[in-house]
Amino acid sequence: MRFEKLDLNLLVVLDALLEEQSVSQAAERLHLSQSGASAALSRLREFFEDDLLVSSGRTMECTPRGETLIKPVKDALSLIRETILTPEEFDPAVSNRAISIASIDVVAHVLLTEAVGLFSKQAPNMRFTVLPLTEDPVAMLQRGQTDIIIALDYLIDANLPSEFLYDEDFVVISWKENPHIKGELTSELYEQLGHVSVRLNHNARGFDETALRRIGINRNVETFAPSFASVPRFVIKTDRIATIHRHLANQISGTLPIKIYELPFKFPTVREVAQWSAKNTNDEAVRWVVRRLKELAKNLES
């Protein structure tokens with residue numbers, strides 16, 4: 001490769017020649033033939049318009065121009081070695097990287113709030129942004145809107161790197177004083193009662209609505225909440241029920257007057273997966289964040 005008419009490969013030879021001040025020793029050091037080293041020296045002399053090395057008895061010594069090149073050539077090669085050839089080591093304790101993570105609000109509440117708290121201790125100088133997940137999460141990665149997405153496994157791109165985080169199932173919640181539920185929740189009562197649901201992403205149907213239609217369960221949605229985390233507040237002091245993520249229900253059951261019921265029919269589980277773009281495959285900061293998320297997700301499973 002040439003840079004401004006200089007063959008950059010010759011810099012390695014020049015460094016050895018100036019340091020060894022011997023064509024034969026430079027050749028040995030670089031595993032070149034002596035004729036190859038001599039040819040390289042001739043090309044260097046032509047480029048710099050200077051002899052660089054001259055004979056002095058049985059040895060060689062640098063010309064004044066050669067002397068001035070010793071340090072800058074060595075520094076240039078060291079800089080290339082340290083910044084280009086050697087990957088920068090990631091240390092979360094001192095890194096000041098900014099990382100963005102996009103997810104639905106349920107994941108933000110049950111996983112990312114704890115994660116960001118942990119990150120503030122382990123990576124105090126890093127900055128984290130939690131973004132809402134758009135209708136097309138993969139497009140957010142492709143457009144560079146976020147570094148990591150956390151989405152259901154069927155929404156991710158199979159061609160991009162990903163890491164499974166945790167399984168999620170669903171339960172039913174109601175106000176603790178709902179007068180219509182006595183004992184277990186039945187399928188008949190589930191269909192009779194009014195429901196609270198979520199309509200996100202420009203009125204796209206949620207997973208729960210699609211799954212219920214597939215198994216032939218009809219429900220009467222009377223209220224649409226703006227987010228999953230707000231759903232429990234819309235059932236309080238009403239006769240309505242809601243189908244929500246178990247982890248979210250468990251998290252808020254200790255702070256809100258709600259009761260949790262098992263679904264009275266078989267309902268599919270979902271898998272939450274972290275995904276990042278191909279360009280970040282070897283990004284140690286992204287990989288560190290994903291590893292921490294996976295570790296925290298194990299606590300959800302337990």
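Buried means under 20% relative accessible area, exposed means over 50%, and partly exposed is anything in between (1.4 Å probe, protein chains only). The model you're looking at is predicted, so local features need pLDDT of at least 70 and side-chain atom pairs count only at pLDDT 80 or more, while totals for chains, interfaces and linings use all residues. Residues are numbered from 1 along each chain as its sequence is written, and side-chain values use heavy atoms, with hydrogens and water left out.

**Exercise 1. Follow the aromatic rings**

How many aromatic pairs are there, and what kind of pair do Phe 119 and Trp 288 make?

Step 1: Rings of Phe, Tyr and Trp (its six-membered ring) pair if their centres lie within 6.5 Å; planes under 30 degrees apart count as stacked, over 60 as edge-to-face, and the rest as tilted. That rule gives a count of 7 aromatic pairs.

Step 2: Check the rings of Phe 119 and Trp 288. Their centres are 5.4 Å apart and their planes sit at 45°, so this pair is tilted.

Step 3: See what the pair connects. Phe 119 is in helix H5 (residues 105-122) and Trp 288 is in helix H11 (residues 284-301), so 169 residues separate these distant parts of the chain.

Step 4: Check the accessibility of both. Phe 119 is buried at 0% relative accessible area, and Trp 288 counts as buried at 6%.

Step 5: Now try another pair. Phe 170 and Phe 267 are edge-to-face, with 5.4 Å from centre to centre and 75° between the planes. Phe 170 belongs to strand E9 (residues 170-175), while Phe 267 sits in the loop between strand E13 (258-261) and strand E14 (270-276), so the pair ties together parts that are 97 residues apart in sequence. Both Phe 170 and Phe 267 are buried.

Step 6: Finish with the cluster. Phe 90, Phe 119, Phe 128 and Trp 288 form one aromatic cluster.

**Exercise 2. Read the sheet**

In what order do the strands of the open sheet run, and how many are there?

Step 1: Strands pair if DSSP finds at least two bridges between them. The open sheet has 5 strands in the order E6-E5-E7-E14-E8, with mixed pairing.

Step 2: Find the edges. Strand E6 (127-132) and strand E8 (162-168) each pair on one side only, which makes them the edge strands.

Step 3: Zoom in. Strand E5 (residues 98-103) and strand E7 (residues 148-152) run parallel and are joined by 3 bridges. The bridge partner of Ala 102 in E7 is Ile 149.

**Exercise 3. Check a proline**

Where is Pro 268 found, and which residues is it in contact with?

Step 1: Pro 268 is in the loop between E13 and E14.

Step 2: With a relative accessible area of 35%, Pro 268 is partly exposed.

Step 3: Leave aside neighbours within four places in sequence. Pro 268 is then in contact with Phe 170, Phe 207 and Ala 211.

Step 4: For a distance, take Leu 212, which is 56 residues from Pro 268 along the chain; their C-alpha atoms are separated by 9.5 Å.

**Exercise 4. Spot positive phi**

What is the phi of His 31, and what is the phi of Glu 49?

Step 1: Recall that most residues other than glycine have a negative phi.

Step 2: His 31 has a positive phi, near 60°. His 31 is in the loop between H2 and helix H3 (34-48) and counts as exposed at 74% relative accessibility.

Step 3: Glu 49 has a positive phi as well, near 55°. Glu 49 is in the loop between H3 and strand E3 (53-56) and counts as exposed at 72% relative accessibility.

Methods: Helix = DSSP H or I, 4+ residues; strand = E, 2+ residues; numbered from the N terminus. Contact = heavy atoms within 4.5 Å.
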